[in-house]
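Colleague: Please take a close look at one part of this model for me. I would like the sheet first, then the backbone angles worth checking.

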Amino acid sequence: MDFQIYGVSKLFFTFFLLSLAGICAALPEKSNGKPFSASNTSQINSNSVLVALLDSHYTELSELVEKALLLQALEDAVGKHNITIFAPRNEALERDLDPEFKRFLLEPGNLRSLQTLLMFHIIPQRIGSAEWPKETAESVRHRTLSRDHLHLACKDSGKKVDLATVIHPDAVIRPDGVIHGIERLLVPRSVQEDFNRRRSLRSISAVLPEGAPEVDPRTHRLKKPASPTPAGSPPVLPIFDAMAPGPSLAPAPAPGPGGPRHHFNGESQVKDFIQTLLHYGGYNEMADILVNLTSLATEMGKLVSEGYVITVLAPNDEAMAKLTTDQLSEPGAPEQIMYYHIIPEYQTEESMYNAVRRFGKVRYDTLRLPHKVVAQEADGSVKFGNGDESAYLFDPDIYTDGRISVQGIDGVLFPPDEEPKQAETKSTVQSVKITVKPRRGNFSLNF
């Protein structure tokens with residue numbers, strides 16, 4: 001029995017020594033060898049192809065990658081496998097690219113389209129010039145990081161990537177990837193379709209409806225004075241004069257007998273501009289307040305149907321997210337906030353900027369009577385409000401149809417608080433009375 005116990009202990013001790021020796025022998029190999037794959041995804045070597053891209057002469061592509069917030073995604077891709085980047089030359093992104101298409105890519109609401117476009121230029125596989133298809137072979141299809149496909153071929157004119165010609169093969173070679181310089185930008189079909197939809201939407205919204213008033217760009221008012229209107233025609237008065245007392249948006253009745261048919265389809269125009277906000281991106285909170293939290297959309301449709309014009313200063317989602325629960329929980333608070341962002345005039349980005357350039361400060365009436373919003377020029381744009389409560393014209397002319405104008409701003413506006421001013425005036429009046437009374441007494445004594 002003792003021998004069995006001793007034998008078991010000896011066997012266990014021998015196994016422990018062998019295991020310890022194996023662990024000690026494995027430690028140097030682990031420290032001197034390559035890191036695990038998990039560390040590969042989190043650390044990028046200074047000799048990486050991504051670092052070479054940022055330091056290369058393809059500066060326009062590098063700036064687009066940084067603006068699209070793709071560095072982390074590309075680092076993860078490099079950590080998993082080698083990559084091949086097709087880099088358009090700077091001239092293709094500066095002068096040869098359609099300015100309207102470039103503006104579309106750089107708009108904040110189109111970040112996903114920009115990311116898809118850039119990932120379309122990257123293949124998760126190392127393809128050097130030696131691995132290119134031969135002239136006699138057919139084109140080879142490769143899947144990109146955007147999940148679209150590129151076709152590589154070799155023709156008489158040289159190496160081809162879809163419709164682009166490779167002008168600098170193997171421009172940058174690194175252990176984890178290679179960069180080829182190409183003559184033009186590659187545009188996937190999905191991004192082109194998004195751009196076509198946005199361009200057609202803008203062309204439709206830019207057309208003035210029938211019967212829209214002609215506005216003088218200098219005075220921002222109707223060019224011709226209002227002539228005697230026949231019964232049933234839409235009014236020509238500004239919307240400010242048609243407002244009912246109180247916070248309601250109920251307009252004054254149009255001249256003549258009323259009826260269900262209106263000269264302007266205000267409900268349809270309001271739906272169009274709210275739908276444009278949703279398609280534009282970054283203004284979902286504003287659209288939600290207009291439709292779900294208030295009845296403003298219905299009331300604005302009635303106003304436009306009666307023939308009035310309005311300009312909406314729309315805060316973006318980042319600005320609306322800064323509103324606290326207390327600011328929105330009070331009865332009627334969402335309506336009051338929105339009233340201060342509606343101007344009873346038809347203004348565009350050009351008309352407002354020309355006005356502040358000419359007059360310095362311009363005070364626009366709002367539907368939150370009697371408060372006005374102050375506009376002035378700042379940093380080459382239009383700035384609304386003063387101090388910490390100010391906002392800049394961030395996305396100009398999101399929607400303009402001759403009746404409704406929507407201008408995107410980067411902050412929520414509030415009327416200036418006038419209570420401190422009243423307290424200051426009271427204190428000054430009291431101080432004046434205190435100093436004047438002794439003077440009257442002294443004057444009467446001397447007299």
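In what order do the strands of the open sheet lie, and what is the sense of their pairing?

Modeller: This is a predicted model, in which local features need pLDDT of at least 70 and side-chain atom pairs count only at pLDDT 80 or more, while totals for chains, interfaces and linings use all residues. Residues are numbered from 1 along each chain as its sequence is written, and side-chain values use heavy atoms, with hydrogens and water left out.

The open sheet has seven strands in the order E2-E1-E7-E6-E5-E4-E3, with mixed pairing. Here strands (E, at least two residues) are DSSP runs numbered from the N terminus, and two of them pair if DSSP finds at least two bridges between them. Strand E2 (122-123) and strand E3 (140-143) are the edges, each pairing on one side only. Strand E1 (residues 83-88) runs parallel to strand E7 (residues 177-182), and six bridges join the two. Within E1 and E7, isoleucine 85 faces isoleucine 179.

Now the backbone angles. Most residues other than glycine have a negative phi, and most peptide bonds are trans. Between leucine 369 and proline 370 the peptide bond is cis, with omega near -5°; proline 370 sits in the loop between strand E10 (361-365) and strand E11 (372-378). Aspartate 379 has a positive phi of about 55° and lies in the loop between E11 and strand E12 (381-384).

Conventions
Helix = DSSP H or I, 4+ residues; strand = E, 2+ residues; numbered from the N terminus.
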